[in-house]
Amino acid sequence: MKPVIYLDNAATTRPLPEVVDAMLPYFNEAYYNPSAHYDKAYEVGNILNKCRSTIAQTLSCDPSEIYFTSGGTESDNWALRFVRPGQHIITSKIEHHAILNTCKYLESVGVEVTYLDVDRNGKLILPELEKNIKENTVLITIMTANNEIGTMQPLSDISKIAAEHNVVFHTDAVQAYGHSHIDVNVVGVDMLSASSHKFNGPKGIGFLYISNRIPLHPMIYGGAQETNMRAGTENVPGIVGMAKAAELSCESVRMNNAWHHVSTLRNKMQNKIISEISDVSVNGYSEFSDRLANNLNVSFKGVRGEQLLRLLSDNGVCASTGSACDSSSTEPSHVLKAIGLSDEDANSSIRFSLSHDNTIEEINYTVDVLKRCVDDLRRIR
Ligand code: PLP
């Protein structure tokens, strides 16, 4: 039987067994509507409060600042609702489409948006950020870590600039939360998006941290759930699963061990690819700082990324050519273009994203398969 080697953890992660176990009773026993008025329903309501507190603890914020959403996309949409026609947002060219397409929509209703360039590693150029702040700038939204190349942004520096100009700072932490330590007070963000399925929780659930200082508009109008800010009966099993995943993933020792294990494997994989396959280049930071531990994005000169992906899949290796949400697009990645790659090099790139489940045997196997597939594709060019 073909092995399954899962190296696409930026697309989604495997729910931990503890997460699934925690969720099960909320499907078949404690299925009550937390807004109803009897003891069983109150018990479920109490569980939701506990989950909110668990998540708040991981960010060192108040539970009243955590709002449950359906995931990263909704959280990003909600954060950007802060802005009104005539006002100005600053973002970057390498944000996820959950941000970029929301900005496009906002432009169509009269919001002004500046899309900042990044350097060749995908890092924001801080003087450019400051230069672009105007009288009507009300929001800066910059991701914590990029989903394609793993580049981590200098959040504390950005938040200082934002605060000096009295501008609200939102960060899309979908790829970073649960993998690297984030304390909203230390970092100084006003809003933060996260998504459970990126940190070994279930899909279709996430949260938005909104500092109590920020007067945000409701996301969904209707009932009184989420203190009238996001109506609709709560996804109780999802919230329970997300809170369990957050508790486990953000536990300090466990997080540090996972980071160490994953970055060690990733570095070995990167070194083996560079030493065994010709004409390759690593996208983003090839040295290992300022980059998510699990990310490895490589261009294989003269090879079409989708063809390579197909051959890898035939050999049991699951990877990606970029963002999973864009996988049906034939356009070269906007992230790789923004860091200066040609269309051809962008289209020859593969993203591997590792997890604590991966082993050195899987990495060695993957690079051996990769070498064979790249050779085959280059031969038939
Ligand atoms: N933001 C980033 C950086 C992402 O990587 C993703 C998903 O890949 C999202 C937002 C969207 O999150 P969700 O899939 O939970 O809607």
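The model is predicted: local features need pLDDT of at least 70, side-chain atom pairs count only at pLDDT 80 or more, and totals for chains, interfaces and linings use all residues. Residues are numbered from 1 along each chain as its sequence is written, and side-chain values use heavy atoms, with hydrogens and water left out.

**Ligand shell**

**Ligand oxygen distances**

- A side-chain N or O atom of Thr 73 is 2.6 Å from an oxygen atom of the ligand.
- For Lys 198, a side-chain N or O atom is likewise 2.6 Å from a ligand oxygen atom.
- Gly 72 places a backbone N or O atom 2.8 Å from an oxygen atom of the ligand.
- Of the 390 Å² of accessible area that the ligand has on its own, the protein covers 89% (Shrake-Rupley method, 1.4 Å probe).

**Sheet**

- Three strands form an open antiparallel sheet in the order E9-E10-E12; strands pair if DSSP finds at least two bridges between them.
- Strands E9 (280-282) and E12 (349-353) are at the edges with a single partner strand each, so one side of each has no neighbour in the sheet.
- E9 pairs with E10 (residues 295-300) over three bridges, and Val 282 stands opposite Val 298 in E10.

Note on methods: A polar contact is a pair of N or O atoms within 3.5 Å; within protein, one must be able to donate a hydrogen and the other to accept it, and residues adjacent in sequence count only if both atoms are side-chain atoms. Helices (H or I, at least four residues) and strands (E, at least two) are DSSP runs, numbered from the N terminus.
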